[in-house]
Amino acid sequence: MNNIMTKYERSAFNTDMLRSFVAIAEHRHLTVAADTLGRTQSALSVHLRKMEDGLGVRLFDRHSRGMSLTAEGQKMLPVAHGILGEIARLGAMFDHPLRGQIRVGIPDHYDDMIFETVLAEFSRIYPEVDLTVTSGCSSGFATAVESGKLDLAVVTGPALDADTVLESEATYWVEGAGFHHDPDAPVPLAILNRGCWWSRLPFNALERHGRDYTVKFQSSSFSNLRCAIRAGLAIGVLPARAIQQGMQIAEPSRNLPDLPAIKRSLIVSPKAPQDIAQEIASKLREGLRQTAMPTGV
């Protein structure tokens, strides 16, 4: 009996420990995580040691430049996020609840990640907020916010005002696994045909590089573009978050030109319900940090 009690006592976690674990996982550095939480480095070290001792596993590998999750740590991270999310939801039930309506625009390649980790969670925490989402090409979102059709939107471009940048995301030439192409032939392209700067991105890059190309597939749908690339019909340009299983970054032997990173900005209408907009913006930033794509994918 004493051994059982000791095991339970050793494996007892609290929210501070879970927040420390999540912060270290996000920032991959103990000092940075401590600064973010406003705690000392030694406090986070104690939390981490207690968690690892209690679970009987190592959650992080220590490196000279920081820390990275072990396989066990990767299993733990979504559980920790879920627990902290439920605690936040419980606390919000007894706060002054947000009420009202908000219309949000997000880029369509955000669909899986943002819907599942941010907007769905927001709706669970704030059930009295009427949330309406528009997903698609973000080139028209700024006009929609200005005209009052949207209250808040994530807009995308190669060069946005640095003061309003939500994130910067790398772009890559992407091909299906096992894709074959004659290096002397024109580059076969799958393009997103929307009549905006994104549609011209692969053309501009290849023309500056003096490479011939031919369009093998075009669609206004991001989902269809990914299907064509994954099926091996052609090479396409995708932001890092849009790369899925069955795809790979084009091999260096393709000799394709470098691509610019794309920047995203969060714009909010002055007529939007500001308390709801601020909470949505906070959840978006948190979600993007939690699902950040490493350089080089």
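Guide: The model is a predicted one. The sheet is open and consists of three strands in the order β10-β7-β11, with antiparallel pairing. Its edge strands are β10, spanning 236-239, and β11, spanning 247-249, each of which pairs on one side only. On average, and with direction ignored, neighbouring strands of this sheet are turned by 50° against each other.

Strand β7 comprises residues 171-176 and is joined to β10 by four bridges in the antiparallel sense. Within this pairing, Y172 has L238 of β10 as its bridge partner. Helix α8, residues 197-208, packs on the sheet and touches β7 and β10; the direction of α8 makes about 120° with that of β10. Helix α9, residues 222-230, also packs on the sheet, where it touches β7, β10 and β11. The direction of α9 makes about 125° with that of β10.

Turning to the separate helix, α2 runs over residues 15-27. Its 13 residues reach 18 Å from the first C-alpha to the last, close to the 18 Å expected at 1.5 Å a residue. At the start of α2, a side-chain oxygen of N14 comes to within 3.1 Å of the backbone nitrogen of D16. The buried residues of α2 are M17, L18, S20, F21, V22, A23, I24 and A25. After α2 comes R28, which has a positive phi, near 60°.

Definitions and conventions
Residues numbered from 1 in each chain as written. Predicted model: local features only at pLDDT ≥ 70, side-chain atom pairs only at ≥ 80, totals over all residues. Heavy atoms only, no water. Pairing = 2+ DSSP bridges. Helix = DSSP H or I, 4+ residues; strand = E, 2+ residues; numbered from the N terminus. Axes fitted to C-alpha atoms, helices over the stretch in contact; angles between N-to-C directions. Contact = heavy atoms within 4.5 Å. Expected span 1.5 Å × (residues − 1). Buried < 20%, exposed > 50% of the residue type's maximum accessible area, 1.4 Å probe, protein only. Polar contact = N/O pair within 3.5 Å; in protein donor to acceptor, adjacent residues only side chain to side chain.
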